[in-house]
Each structure stands twice: as structure tokens, then as C-alpha cells.
Amino acid sequence: MTRVRSTRRRAPWRARLRRDWPLLVMVLPGALLLLVFHYVPTLGNVVAFQDYNPYLGDSALQALVNSPFIGLDNFRALFSTPAFWDALWNTLSITAFQLVFFFPLPIVLALLLDSVMSRRVRAFVQTIVYLPHFFSWVLVVTFFVQMLGGAGLLSQELRQAGIEPPEIMTNPDTFLLLVTAEVVWKDVGWGTIVFLAALSTIDPHLYEAAAADGAGRWRRLWHITLPGLRPVIVLLLILRLGDALSVGFEQFLLQREAVGRQAAEVLDTFVYYHAITTGDYGFGAAAGLFKAGVGLLLILLANKFAHLIGERGVYARS
Amino acid sequence: MTGTRPVWDEKPGVAGQVAKGTVLTAVVLVVVVPLWVALVTSLSSRATINAAGGLVLVPRGIDFSAYRIIFAGGQISQALWVSTLVTVFGTLVSLLVTIPAAYGLSRPGSVGHRGLLFFFLLTFLIYPGLVPSYLVVTGVGLKDSLWALILPSALNVFNFVVVRAFFQNLPAELLDSARVDGAGEFRILWRIVLPLSKAVVAVVGLFYAVGYWNVWFSALLYIDDNEKFPIQRVLQTFILAGQTPQTSGTAVGTALPPTLAIKMAVVVVTVAPIAAVYPFVQRHFTRGVILGAIKG
């Protein structure tokens, strides 16, 4: 990771402080923001072990001090709530589905773009397909409603042709396909960036040598291109696994009304609806803590696995 | 400019070329058509919309009345103003926090470097959770304040890593010689480092700006006063939840443009700033994003 230059290290602490204090001043505002809005909330997870009552004091801190500890009761309540298991199941199945049906698409699109010879065409397509990544989820869902919804363009055209349009935006049975389609629309283009960059680092001599040895297009793809992409693919898979319990929070919150809780409740929306809107903070914090704990465990395990198969992973072995 | 095919690479057959062209055209159309429909519908008159039976694919004349309504005051004008404020101030605050922090932590061996860097990077692994974050933000008195949309996300650690990686790749001799000449660190950052870092500042600035322009959930959590709703919040209540926004009553005598045109006009003004700025920054993406990904 960070290698310390020995000449810098040797200076005594005081002398280094005299020399480096401006650097510390520069870091201070950012560190303060992280402290207040990241680390303090992290510690605030103690409410998961409390019967937290916001009215037990004038401030959140006072309420926290005055609220009684109840051990693991919140977790017990959480694990005996069927809606929690539904949300967990929905989250995991959406993650698994998208791992299979979304994850490979940016690789395919990157390979396709990379094979386009005209730079102008390539740049044009890239400009277009990156754009939706910068749209908010409100906007993405709006576009889908506008195109596929009950009053959308598709229904409108079908009705004029005398066909009864299918329910796409409100059908819980096909919701998994819908949210995956939305993710593809928003991020497939953006996802190609990393792969395109990785493709450009593959030594062209490898291709040339393989071609000289008689390897055709597909064999070169299999034996040179894909192994060249392997480190990036592993890295992204690990990151995705570590995030397995988060699936587009805003995306689901926005569509929960339309398709109903049964299909659209994921862990994050569960926390929102069972804590923020009801004021049951201890219960919600328990769910959040469960999610954070499992997420951390998953990313550590995935990274360990990456090291085992000889990849670099997210952080180096130390 | 056209790249040249290496001699050893066989030219794809006609079928392959056609298939490739078809797929790429389809991909482009899937992105462009919804934007096109929104734009055309927002510029259509009531007659055109009625004739089309709703959304309009083919333009017939241009009618700006929907835009006149949303810019004439009322909830949408107000929300656009709020979002502009949040985006401009938020991006400024974010850059003013991120750039110095990245520079301050770009020199291994400086006082506290290891510990502070760990303090920054550990946030990647630890997720504080929605409930405690909500309690802290409301606890420090940011409920119904636009700062609640800015401060909690003002420092994005991914952006910090991207900027820091860029600074670390600058030639060290340049900074060292400035130091020998007696320049302080603030001066070096402002006079030497920043002018060399326009590309990365542009990319990170765009990321931040887009984040602020798109802010929706924070507004749902922290902003109850609908005078302070950002545009995404209004877009959601107006289009997805189907409520009608209050527009100012200037349209006395003239017929109001159809609601659908107004809706699509809101969509267009929400997309427009992003679509306008992003092409200028796009060519720096690969550099910015990849640097961060590799170093991080």
C-alpha cells in the first residue's frame, strides 16, 4: 500500500509537525465531516441495543443517554418479523439475478465498442450510453413510466392498434425484470469504461503472436482478451458482493407504491418504512447494523477468496 | 479519425458488420428515444398532443407555453432555484473540502499521514446505517435546512481517492523546487498543483454537481417545507405520485397548456443541465475514473 520514504520518516516528530502543519490544516475540514456524518452515526448504532425514545431528552444525544438498554431484544424482534425475511430474500434474489443478467452486459458492450474501428462512431456511442448514468432515479423511473407505463408511449400505440397493453410498471411478478432493465438502461454504458480501459492495456503483440499461430477471432477473445480482463472482473465482483445487501435504494423506494411491498421491499426500504416513518429507531438500527455487518463480512470473505485464487483484490495482503 | 486495423486481424464479414451496426443502433435508440419523446411532447401544443393521443413522437410546430408556465413562478420555478443553489454551493463546498484533503494526504511520511489516511479509507468498509445518520443529521439541527442536502455528502471518499491519486502522479521535483524557493503548502496547492489538475477537478466537480442536482432521498428525509423542495422531489410528487404542482396564476385568459406538456417540460429542464455540461467533461472520464479505480 503506502510505502514510507525513509528520509521523511527519520525527522523527529516535532520537526515534522513544524514542517507539515499546513497539510494537517488542509485535511481537517474533511476529517471533521467524516467524523460527524460517518463515524458518529456509526457509533450511534448503539440505539440498536436500546429501547430508544427520542422524547427522553432535548437532544438526540440526551435521548440516547437516557434510553434504556435492552440487549438483543431489537434483533430478536427483527428476526421474528416475517417482512424482514421477505425483504432480505428480495434483496438477495435481486442481487443474484443482476449478477447473472446485468454484470456481463458492460463487458459485452465494451468488447463490441472496442471492435468498432471508426473512432468517431465509438466516441458518439459512448457519449450517448454514458449519459443515463448521470440521471437521478426519479428521472429514470419517470422515463420508464413514460415509455412503458399505463399511460405511456407503448400502451398508447398498442391501444391505437387495438391491442390491450400489458401491465409492466405495476406487475409484481415481472418486477425483477423491470428493475434489472432499469439498471441496464442507466448503467450499462457507464460500466464499460473500466473494461474499455482494461482492454487498452492488453499488449497488442499477444494478439499478433496468437494470430500468427493461427488463432482466430474467438480463440483470441477466449485466450487473450478475457484473461486480460480477469483482474478487473474479479475486483468488480468483490465490490458487488460486498454490496450484495444494497440494491438501488431510491429505485425501490420510488416504485414500492406501484407494485406493492411484497415484490419491492428490500432491506433499505424496510429500514425506511419500519424506522424512519414509524419512529421505531432501535428496531431500524438493528436492521441497518445487520446489513452493515453482513456486508463487511461478505467483502472480507470475497477479498480473501480473491487472494486465494491469486488475484490482487480490493486491498493488498499485508 | 479512423483507427487502422492491424494486418493480422481479419476483416469481419458482412453479416458480422450488419449485426454489430444493428446492436449499436438499437442501444443508442433505447437511450435517445425517451429523451426525444419528452422534448417533443414538451414543445407540443394541445392540438398536437390530442392528435397523437398522448406522447408525441413526431414534432408538429413548436409551442413554448409549457416552459412559460413553469418559469413563471410557482412550485417548479422555486424548486429549480433551490436545486441550482444546492448544486452551486454544494459543489463549491465539496471541492473546497476534497481538494485540500487530497493534497494534504498525498505525501506519505508527513505527520499523521498513515492514521489520517486510514481514517478516510476505512469509511469504504463501514456503513453507518440509515437510522443513526438520520438521528445525527436531525440532531445537529439540519432538519428543514438545505445544508442537510449538502454537508452529510460533502466529502465523497471515492472522489477524494481519485483526486489524491492524481496529485500523487504529479512530478515531485516540481513541488520540491517550489518548496526550496520557500513557497508554503497553500501557495503550492493554489499556484502549481491546481493549474495542473484541471482535468481531475472538472471530473470530480461534475460528479459532485450531478450528485447535488439529483438529490432526492435526502430531501425526502430532511425537508418537509415544500418551499425548499429540490427539483427531483417535485418531479417525483408531480409525475410519479401524480399531484398537480401550483403554478402562478399568470395564465389569465389564455388556455393552460396540457398537463402532459408541462410534465415533460419539467423532465426536460431536469435533464438539460446534465446534458449541457457533461459532454465537455466526458473526455476526462476514463483518466479520472480509472486512476481512482486502480489506486483505490
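**View 1. A kink in helix 12 of chain A.** In this predicted model, helix 12 of chain A bends by about 45° at A:Arg230. Helix 12 of chain A runs over residues 217-242, and at 1.5 Å a residue its 26 residues should span 38 Å. The end C-alpha atoms are 35 Å apart, which agrees with that expectation.

**View 2. The buried residues of helix 12 of chain A and their cover.** Buried here are A:Arg220, A:Leu229, A:Val234, A:Leu235, A:Ile238 and A:Gly242. Among the elements that cover these buried residues are helix 6 (104-114) and helix 10 (175-200) of chain A. Helix 11 (204-212) and helix 16 (281-308) of chain A also belong to the cover.

**View 3. Where chain B meets chain A.** Contacts link 84 residues of chain B with 83 residues of chain A. On the chain B side, helix 1 (residues 14-42) gives the most, with eleven residues. Sorted by class, the side of chain B that touches chain A has 57 nonpolar residues, alongside 21 polar and six charged ones. For the model, the scores are ipTM 0.90 and pTM 0.90.

**View 4. Two domains within chain B.** Now we turn to the inside of chain B. The domain assignment gives domain 1 as 14-52 and domain 2 as 73-295. Their C-alpha centres lie 31 Å apart. Eight residues from domain 1 of chain B and nine residues from domain 2 of chain B take part in the contact between them. On the domain 1 side, helix 1 and helix 2 (46-52) of chain B each supply at least two residues.

**View 5. Confidence along chain B.** The average pLDDT of chain B is 87, and 90% of the residues score at least 70. Among the elements of chain B, helix 4 (residues 75-104) has the highest mean pLDDT, 96. Helix 14 (residues 285-295) of chain B has the lowest, with a mean of 57. Over residues 249-254 of chain B, pLDDT stays under 50. For that stretch, the model has three contacts beyond four places in sequence.

Definitions and conventions. Residues are numbered from 1 along each chain as its sequence is written. Chains are lettered from A and ligands numbered from 1 in the order in which they are written. This is a predicted model: local features need pLDDT of at least 70, side-chain atom pairs count only at pLDDT 80 or more; totals for chains, interfaces and linings use all residues. Two residues are in contact if their C-beta atoms, placed from the backbone, lie within 7 Å. Helices (H or I, at least four residues) and strands (E, at least two) are DSSP runs, numbered from the N terminus. Ala, Val, Leu, Ile, Met, Phe, Trp, Tyr, Cys and Pro count as nonpolar, Asp, Glu, Lys and Arg as charged, and the others, Gly among them, as polar. The expected span of a helix is 1.5 Å times one less than its number of residues. The bend at a residue is the angle between axes fitted to the seven residues ending there and the seven starting there. A residue is buried if 20 or more other C-beta atoms lie within 10 Å of its own, exposed if 12 or fewer, and partly exposed in between; C-beta atoms are placed from the backbone. Domain bounds come from an automatic or database domain assignment. pLDDT is the predictor's confidence in each residue, from 0 to 100.
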